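Hi there,

Here is the structure I promised to pass on to you. Have a look at it first, and then read on for what turned up among its charged side chains.

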Amino acid sequence: MNIWIQRSIELANNKNYLDKLFDVYPLIPNKIRKIDETYWNSIVQAFNNKDDICLIKYLLYLDLFPIKDSYIPFLIRDTANALKNNPETVKRLCNRLYKMGLDKIREKCTEPKETNRQIGVA
């Protein structure tokens, strides 16, 4: 067995493995994401007007979309065409957003980056 693999296994089997791992990869809590108030007002207006396309477009522009859904990356990649060509998906997402309400949407959009996403990032 490779010496480095053997040493890694021995280290992982120690009682203080996570403590030692934290010394190498400290996890620093991230700050809450900011949303420009003027931009947020556009989101509020689209929400209140039930303008599904604008609401989704505005939310896709943010760093974090408020709903975890497997189709979001596709919508981000080709926003204009994807929203126009998939009205049922837009409606499904917007129904979830309207049920959440603006306060919950803002809370989800401003959540800090998860610490498990920062390992190895300088």
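A salt bridge here is a side-chain nitrogen of Lys or Arg within 4 Å of a carboxyl oxygen of Asp or Glu. Please keep in mind that this is a predicted model. By that rule, the count comes to six salt bridges.

Let me start with glutamate 37 and arginine 106. Their closest N and O atoms are 2.5 Å apart, so the pair meets the 4 Å cut-off and forms a salt bridge. This pair links distant parts of the chain: glutamate 37 sits in helix H3 (residues 37-48) and arginine 106 in helix H8 (residues 102-109), 69 residues apart. Both partners are partly exposed, glutamate 37 with a relative accessible area of 44% and arginine 106 with 25%.

Next come lysine 91 and aspartate 52, whose side chains meet in a salt bridge at 3.4 Å, N to O. Lysine 91 belongs to helix H7 (residues 87-100) and aspartate 52 to helix H4 (residues 52-61), so this pair ties together parts that are 39 residues apart in sequence. Are the two partners buried or exposed? Lysine 91 counts as partly exposed, at 39% relative accessibility, whereas aspartate 52 is buried, with a relative accessible area of 14%.

Elsewhere, salt bridges that share partners join Asp69, Arg92 and Arg96 into one network.

One more residue deserves a look while you are around helix H8. Threonine 110 is placed in the segment after H8, and its side chain reaches the backbone oxygen of arginine 106 at 2.8 Å. Threonine 110 is buried, with a relative accessible area of 13%. Which residues does threonine 110 contact, leaving aside its neighbours within four places in sequence? They are Ile32, Arg33 and Ile35.

How values were computed:
Residues are numbered from 1 along each chain as its sequence is written. This is a predicted model: local features need pLDDT of at least 70, side-chain atom pairs count only at pLDDT 80 or more; totals for chains, interfaces and linings use all residues. Side-chain values use heavy atoms; hydrogens and water are left out. Helices (H or I, at least four residues) and strands (E, at least two) are DSSP runs, numbered from the N terminus. Buried means under 20% relative accessible area, exposed over 50%, partly exposed in between (1.4 Å probe, protein chains only). A polar contact is a pair of N or O atoms within 3.5 Å; within protein, one must be able to donate a hydrogen and the other to accept it, and residues adjacent in sequence count only if both atoms are side-chain atoms. Contact means heavy atoms within 4.5 Å.
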